[in-house]
Amino acid sequence: MRHPQLNANGKLQHLLTIEGLPRETIHHILDTASNFVGVSDREVKKVPLLRGKSVFNLFFENSTRTRTTFEIAAKRLSADVLNLNVNTSSTSKGESLLDTIDNLAAMHADMFVVRHASSGAPTLIAEHLNRVRAGEVNVINAGDGRHAHPTQGLLDMYTIRHFKKDFTQLRVAVVGDILHSRVARSDIHALTTLGVPEVRAIGPLTLLPTGLQEMGLKIYTDMREGLRGVDVIIMLRLQSERMRGALLPSAQEYYKHYGLTDEKLALAAPDAIVMHPGPMNRGVEIDSSVADGPQAVILDQVTFGIAVRMAVMTILASS
Amino acid sequence: MSKQTGDSSLDAEAIYASLRDAIAASLASDPQRAIHLIGIHSGGAWLAERLHADLALTTPLGTLSSAFHRDDYGRRGLPAEMKSSSLPFEIAGTDIVLVDDILYTGRTVRAALNELFDYGRPARVRLAVLLDRGGRELPIEAAFCGLSHPLPAQSAFVLARDEHGQFTLGIE
């Protein structure tokens, strides 16, 4: 059976996950994005590629930043954008979710951008639409549970390619709460697909999922050891709600061991770049002097994120 | 598909020379007015580059992509190897000569004009093409043209550039 994100012609109908995407497809998305970077600098910051299309931002989980960048991306492509913040009841979620989708599809939505706290919700929606409206509607996963955040993964790859050019010579460290991070999962799949020879996972054992070694990663619980010689550092947000459980003693303790400071950054390659998907917890996973320092490319990620999302929308819409 | 080259009426270098001379004559008649050349990717960009050198223009050279504004985007999507527009000068108030290799339906020029106007409001835009093959579907005409050579719909001209920058034209 074909992957639900592909249509009958083998083209991308939806973007649900980076896992399984061929290397050429990822590069094609990044190449397309590079053409959109300049659009934001024009006098008219708009191109008409999605003129007359309706993009529904369907956020079942709050996110101002991701929703905003999708909204800007869609608007720069001249689409009409509707933002829906849907609060779900915990009961009968599956049924009400697809009812919502059917209703919005009946309003002639062309694209759904879906953020959901449950892993697999965008896939469920895409599979449903493949059954009832095959080829008519596109779905973009804007983050589902712990599963995937493919556009964040792609914009991270765009950022790395922009600054480092060649993936096949890099050492990349992913640092922090990998267990709960859909960003980390998408990044790791993308990095390995693009041929990065050394991907390191750094964090306390309680925040590292099992199976990382099987994916070819090197595991480090000592951050200093793990950062030695790396070219790219991807910091992850420590979600404060995790601190209430037994996974971590305290934010201060975490900062001491896994917070990125200038002193720890000095162990990486001298031209290493520091990335963070945002929002940052300064003084928890990253020190302000690093976040605002010359090696941080965190705001570049945000800027590139718009071009990457424009590229994804354009490619899906022409599938 | 048969490919025929060497048709004496399609000496690309001679056609290019007549286009170049037409633009040069216009420049000579109005020497006070500086023009900016902008080539449409990819054949038009080659031509504009060559014209820019041969006419010894000192104004910066631009290139333009029509991909964002094409009216067949819904059917064809973006080209696989798309090149971006590069306009390293102010468009507002500028006298522009837009350069393309083949003028056919006029749709590429329409899309290129839309792209151009996203950068500003030029004072004037004229069109220069190597070859006009007829078959217009829009009210667009060239101010400078190397040669008019009608071609049936099922055929296409293909401009190529060798390593010395010399042009050849084929029909497919």
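Two residues are in contact here if their C-beta atoms, placed from the backbone, lie within 7 Å. On that basis, the contact takes 11 residues from chain A and 10 residues from chain B. The chain A side that touches chain B has four nonpolar, five polar and two charged residues. For those classes, Ala, Val, Leu, Ile, Met, Phe, Trp, Tyr, Cys and Pro count as nonpolar, Asp, Glu, Lys and Arg as charged, and the others, Gly among them, as polar.

Some ground rules. This is a predicted model: local features need pLDDT of at least 70, side-chain atom pairs count only at pLDDT 80 or more, and totals for chains, interfaces and linings use all residues. Residues are numbered from 1 along each chain as its sequence is written, with chains lettered from A and ligands numbered from 1 in the order in which they are written.

Now chain A itself. Its C-alpha trace spans about 55 × 45 × 35 Å along the principal axes. Of its 319 residues, 47% count as buried, that is, with 20 or more other C-beta atoms within 10 Å of their own, C-beta atoms being placed from the backbone.

Next, the domains, whose bounds come from an automatic or database domain assignment. Domain 1 of chain A is 23-149 + 304-317, and domain 2 is 150-302. Their C-alpha centres lie 26 Å apart. Across the boundary, 21 residues of domain 1 are in contact with 24 residues of domain 2. By class, the domain 1 side of chain A that touches domain 2 has 10 nonpolar, six polar and five charged residues.

Methods:
Buried ≥ 20, exposed ≤ 12 C-beta atoms within 10 Å, placed from the backbone.
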